[in-house]
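Please examine the sequence and the structure shown here before reading on.

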Amino acid sequence: MKLSLHVWRQPAPAAQGRFVRYEVTDVSPDMSFLEVLDVLNEELIHGGEAPIAFDHDCREGICGACGMVINGRPHGPQRATTACQLHMRHFTDGQEVWIEPWRARAFPVVKDLVVDRSAFDRIIQAGGFITVRAGSAPEANTLLVPKRDADLAMDAAACIGCGACVAACPNASAMLFVAAKVSHLGVLPQGQPERGERVVRMVERMDAEGFGACTNHGECMAACPKEIRIDFIARLNRDFLKAVTTTAAPPPSSP
Amino acid sequence: MELRAKVPGGPIQEKWDRHRFDLKLVNPANKRKHHVVVVGSGLAGASAAATLAELGYKVSCFCFQDSPRRAHSIAAQGGINAAKNYQNDGDSIWRLFYDTVKGGDFRAREANVYRLAQISVDIIDQCTAQGVPFAREYGGLLANRSFGGTQVSRTFYARGQTGQQLLLGAYQALARQVGLGQVTMYPRAEMLDVVVIEGKARGIVVRDLVTGAISAHVADAVVLATGGYSNVFFLSTNAKGCNVTATWRAHKRGALFANPCFTQIHPTCIPPSGHHQSKLTLMSESLRNDGRIWVPQQAGDRRPPTQIPEDERDFFLERLYPSFGNLVPRDVASRRAKEMVDSGHGVGPLANGVYLDFREAVERLGRAGIVERYENLFAMYERITGEDAFATPMRIYPAPHYTMGGLWVDYNLMTTVEGLYAIGEANFSDHGANRLGASALMQGLADGYFVLPYTIGDYLARGKLAPVGVNHTAFRDVEAQVAARVAKLLAVNGTRTVDEFHRDLGTLLWDRCGMSRTADGLSGAIERVRALRERFWREVRVVGSGEDFNQSLEKAGRVADFLEFAELMCEDALHREESCGCHFREEHQTPDGEARRDDSRFAYVAAWEYTGAGTPPALHKERLEFEYVHLAQRSYK
């Protein structure tokens with residue numbers, strides 16, 4: 001089939017960006033969306049033009065590197081599917097396809113479809129962990145974790161950190177991302193000692209990075225390729241309120 | 001050059017304990033004066049960087065991805081082995097050791113493998129404490145499953161995303177140290193060379209992938225945790241960015257490269273669907289626990305699978321290997337699948353796969369039971385192929401997946417360059433000629449959490465390192481060389497893209513140095529790799545500049561290194577005139593088509609020394625002694 005792609009081209013962070021139209025032909029339904037961009041890029045290089053920059057790595061939907069807004073939807077039209085796993089059998093011959101980077105103040109554009117998501121790393125650095133030095137762990141089976149808690153923790157831990165939730169949110173809020181980590185660690189017994197401190201530090205960092213607030217649109221859950229549920233945000237809110245009303249200021253950490 | 005493995009004396013079960021006592025310690029107050037560079041942030045790199053920082057060392061960690069959380073360890077699906085014997089099914093450290101040595105077809109160093117089996121139990125403790133959500137029984141205890149190549153259930157897992165969860169555990173430990181200022185993280189930075197001064201690794205030169213800036217980083221020790229080189233085949237299950245550059249550049253600076261021809265082809269991947277294919281996707285081998293592999297008995301049978309009656313199906317692994325059946329090791333399963341496809345029994349639109357059928361498992365466990373175990377894998381299969389594996393069998397075919405070869409390291413994980421370490425898939429150490437499923441995660445974390453942090457201290461405590469800075473002539477020289485190479489890639493301005501060269505190289509190696517190899521094929525391949533490399537430097541086209549974000553340029557540098565490395569890989573495969581593990585030489589097989597080792601001539605690690613451009617590499621041999629596991633032909637029948 002043939003497609004018309006309108007791709008956001010922006011040579012540098014401060015440069016003016018614009019949509020550029022490209023016609024692609026011979027698109028097979030078995031191709032992935034990124035493979036269409038690969039083929040287009042090969043043509044651009046042959047023509048002496050700069051190829052379209054886009055992040056990608058595992059192409060199996062697990063590393064979280066890829067991400068682009070396709071026809072207004074982060075990762076495109078397919079539920080629970082990253083852009084790299086989106087296949088062309090979901091498009092029709094002659095379709096117009098608009099491709100843009102994630103748009104959020106906290107995710108500045110690096111080039112074309114590539115954005116800087118290091119804000120997510122800084123949120124994890126602020127508290128998204130359990131403090132355990134290598135060598136100090138107790139025998140694993142001394143700690144019983146009810147299966148439903150382990151399963152719930154895994155549901156939250158499935159987050160791949162791609163940023164689609166931010167891109168989908170009208171407020172560019174990172175609440176789903178933060179809630180997923182807070183919930184993953186907060187429902188496990190191992191995560192209890194730092195539970196309050198963790199949520200406070202992560203939320204502070206999230207706010208400082210320039211993400212917006214959550215106003216319950218639910219767009220994040222709809223866009224999430226791992227179907228992380230919005231009820232984790234309720235958990236985050238509960239943990240946060242409990243922490244700020246009952247605990248003192250978090251003490252400084254040591255290595 | 002003499003290879004000294006530095007394996008400690010004494011009975012094998014006491015070696016590591018004794019060695020840990022013999023290792024010198026660095027005074028806690030002095031640790032902060034030592035700076036360690038860790039390249040790579042996968043399971044090995046992230047766990048090493050975090051643990052070194054916990055100990056008090058100053059650490060810089062580099063990764064080419066935009067975040068350390070995206071390293072390719074994240075894609076490992078099935079699980080991680082540990083000799084916990086929670087299932088009371090006869091497992092032990094000895095058995096894990098034995099299985100790994102045997103599974104590796106007797107080409108691994110016994111002492112390293114034993115240590116790995118010992119440490120395996122600590123890894124599960126560590127990861128559980130970090131909050132890794134391993135699968136649990138209803139009583140709250142950890143669950144296990146079995147995996148290819150073994151007869152016990154020792155694999156711990158987190159749905160089909162074990163690698164992701166283990167990596168996030170290590171990433172979170174690393175993030176904590178970044179937050180505390182103990183680790184400086186450099187994402188989107190690619191190591192392009194090692195700096196060696198007076199025989200010791202003293203730092204690296206990196207290129208910032210956003211700005212193109214080239215910078216030098218001084219260290220007291222350098223750790224390479226840069227993964228494997230399966231992408232030399234272009235189509236592999238590795239992430240697109242995985243490459244050989246860091247280990248290859250280290251090799252050119254004096255680190256010997258061991259067993260480069262030991263490349264694992266994973267049996268359960270989704271077959272390619274056309275020429276546009278950019279990579280291959282692995283379906284966890286845990287699927288082989290419940291799926292049955294078959295092809296139509298009749299060659300060229302094009303009926304849909306549901307219309308082929310039971311008695312016209314050839315369950316070839318169950319037929320050939322009654323005791324292990326569908327759970328034979330990866331190399332055996334892959335080779336047999338290739339034979340079936342080559343002899344006209346292939347299935348699917350391109351007749352390039354074999355079936356993996358869950359019908360019986362669904363009858364036995366119910367649909368819900370299968371969903372519980374493999375939900376994400378079935379979903380992934382449907383997304384890629386558009387087929388529902390509950391309604392029709394999956395189609396699978398082998399694909400390059402993991403490389404057992406890597407930089408040669410001694411028992412301390414140090415390469416032949418002092419102060420330069422290689423951990424995880426980047427080294428050659430523990431898997432011999434074939435890796436068992438769920439053992440890569442184990443090895444990466446063993447190296448990073450529990451081996452390197454001890455052994456590196458010994459080096460730092462003993463070494464009297466002269467102070468050097470980035471203005472040292474050695475650093476300036478290497479920076480200039482790196483910049484010159486980048487400029488050279490941009491200057492060719494030819495007519496073919498980097499990917500076109502990469503595909504040509506991959507096709508050549510897959511045909512000649514893939515699942516089965518011959519002397520003639522390899523000799524020819526070496527000539528053709530050389531020709532392709534010359535052509536690359538004449539005709540490659542890299543658009544854009546070296547001073548900004550340029551993904552074509554990144555790829556070009558990596559493919560240029562693959563084009564050099566591929567020749568060594570073929571040389572190694574040509575020189576090893578035996579079949580062992582994944583290395584199958586057609587001239588060396590038993591009458592029933594099994595690999596035939598030649599222990600009298602090849603029970604050694606082949607470690608290759610770089611002797612300069614255009615001169616043949618020099619072979620050094622580390623003889624392997626098998627004191628505890630007796631040399632025997634593997635049999636899974």
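The following paragraphs treat a sheet and then a pair of helices.

This is a predicted model, in which local features need pLDDT of at least 70 and side-chain atom pairs count only at pLDDT 80 or more, while totals for chains, interfaces and linings use all residues. Residues are numbered from 1 along each chain as its sequence is written, and chains are lettered from A and ligands numbered from 1 in the order in which they are written.

In chain B, 5 strands build an open sheet with parallel pairing, in the order 5-2-1-9-17. Its edge strands, strand 5 (183-186) and strand 17 (420-422) of chain B, each pair on one side only. From one strand to the next, the twist averages 20°. Helices (H or I, at least four residues) and strands (E, at least two) are DSSP runs numbered from the N terminus, and two strands pair if DSSP finds at least two bridges between them. Strand 1 (residues 35-39) and strand 9 (residues 221-224) of chain B run parallel and are joined by 4 bridges. Val36(B) has Ala221(B) in strand 9 as its bridge partner.

In chain A, the axes of helix 2 (residues 118-127) and helix 6 (residues 195-208) come within 8 Å and cross at roughly 150°. Axes are lines fitted to C-alpha atoms, for helices over the stretch in contact, and angles run from 0 to 180 degrees between N-to-C directions. The two helices of chain A, helix 2 and helix 6, are therefore roughly antiparallel to each other; angles over 145 degrees count as such.

How values were computed
Angles under 35 degrees count as roughly parallel, over 145 as roughly antiparallel, 65 to 115 as roughly perpendicular and the rest as oblique.
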